[in-house]
Amino acid sequence: MSPPAPGGVRVAVFPIDAIGHVNPLLPIVQALAAHPEVAEVRSFGAARLARAFTAAGACHVPVEDPAAPPPPPPGVSELAYRSFVLPLAITERMTAHAAGFRPDVVLYDVFCVHGLVAARALGLPSASLVTFPGYGALGEHFAIQHGAAYDRLAPAGERYRELYGLDLLGEDFLPVLFPSPDLSIVTAVESLSREVDAVTMPRLHAALSRYDGTCAFVGPSVGDVRFGFEPHDRLGRGFPYERLDAARRAGRSIVLFSSAPC
């Protein structure tokens, strides 16, 4: 990052409205908001995220997606539609809010095109948040499934070009994944992450090889501010170690299910 701006650094944050992506982001927002060289952290996204981001120390600006979007066209995955096409309905408002904040740096979820657009449109350094064990965890099928309908996404790509001069499809972005060219913050341990290799993942490698060397593996990101959990939650606000210990002492079986963030 460049030297702090007079009065401190202003950080714009663009999350996606998904619990498995928001919760790893909140401790980072909390740490930034408490940093002596940061003047303000401001988040932009769905109104229901306001409570969590405010508790983490950010000022939240609600910008809502369309209430009842039409279904995706044939051949376009639901994720590509929601990540690349639907954001066009609010992209100008989102970018205008960010420009009014006059940030020095942009932090965004890697699935959030708004963050990439804001950083590029405003000429700012950025960092994308990767809440899974590195890009290789996505696998080749992910790239094939969500990157197969470029022709059907061409009108949306042209609209981004008209608004911002960005040819996202021409730059070979997958229309669901928007890594920062500056930095990807990966909330996982590098030794447990899978590399993107050209042999087993040629399509994914073609889309991501230019980001080699930009990943910073920071390990699990867990804090005391969480989205989607209320204080009266029956498991409490921390990991239920005591419940698991009690179950083990009682001779009960414990089964752990682990899935990708959703």
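Which residue in E2 does Arg-10 stand opposite? Arg-10 stands opposite Glu-40, in a predicted model whose chain has 9 helices and 7 strands. Local features in this predicted model need pLDDT of at least 70, and side-chain atom pairs count only at pLDDT 80 or more, whereas totals for chains, interfaces and linings use all residues. Residues are numbered from 1 along each chain as its sequence is written, and side-chain values use heavy atoms, with hydrogens and water left out.

**Overall dimensions**

- The radius of gyration, taken over C-alpha atoms, is set against a globule rule of 2.2 Å times the number of residues to the power 0.38. For 262 residues a compact globule would have a value near 18 Å, and the 19 Å of the chain agrees with this.
- The C-alpha trace spans about 65 × 50 × 40 Å along the principal axes of the chain.
- Of the 262 residues, 45% count as buried, where buried means under 20% relative accessible area, exposed over 50% and partly exposed in between (1.4 Å probe, protein chains only).
- Contact means heavy atoms within 4.5 Å. Among contacts between residues at least 6 apart in sequence, 74% join residues at least 24 apart.

**The sheet**

- Helices (H or I, at least four residues) and strands (E, at least two) are DSSP runs, numbered from the N terminus. Two strands pair if DSSP finds at least two bridges between them.
- The 7 strands form an open sheet with parallel pairing, in the order E3-E2-E1-E4-E5-E6-E7. Strand E3 (59-62) and strand E7 (215-217) each have a single partner strand and stand at the edges, so one side of each lacks a neighbour in the sheet.
- From one strand to the next, the twist averages 25°; axes are lines fitted to C-alpha atoms, for helices over the stretch in contact, and angles run from 0 to 180 degrees between N-to-C directions.
- Strand E1 (residues 9-14) pairs with strand E2 (residues 38-45) in the parallel sense over 5 bridges.
- E4 and E5 run parallel and are joined by 4 bridges; Tyr-108 has Ser-128 in E5 as its bridge partner.
- In E5, 5 of the 5 residues are buried, so this strand is largely enclosed by the rest of the structure. Ser-126, Ser-128 and Val-130 lie on one side of E5, with Ala-127 and Leu-129 on the other, and both faces are covered.

- Helix H4 (residues 91-101) lies across E1, E2 and E3 and runs at about 170° to E2.
- Helix H5 (residues 113-122) packs on the sheet, where it touches E1, strand E4 (105-109) and strand E5 (126-130), and its direction makes about 160° with that of E4.
- The axes of H4 and helix H7 (residues 150-164) come within 12 Å and cross at roughly 35°.
- Thr-91, Glu-92 and Thr-95 in H4 meet Arg-159, Leu-163 and Tyr-164 in H7.

**The loop residue Arg-194**

- Arg-194 lies in the loop between strand E6 (184-186) and helix H8 (202-208), and at 48% relative accessibility this residue counts as partly exposed.
- Apart from neighbours within four places in sequence, Arg-194 is in contact with Pro-133, Gly-136, Ala-137, Thr-200 and Met-201.
- Arg-194 and Ala-34 are 160 residues apart in sequence, and their C-alpha atoms are 33 Å apart in space.
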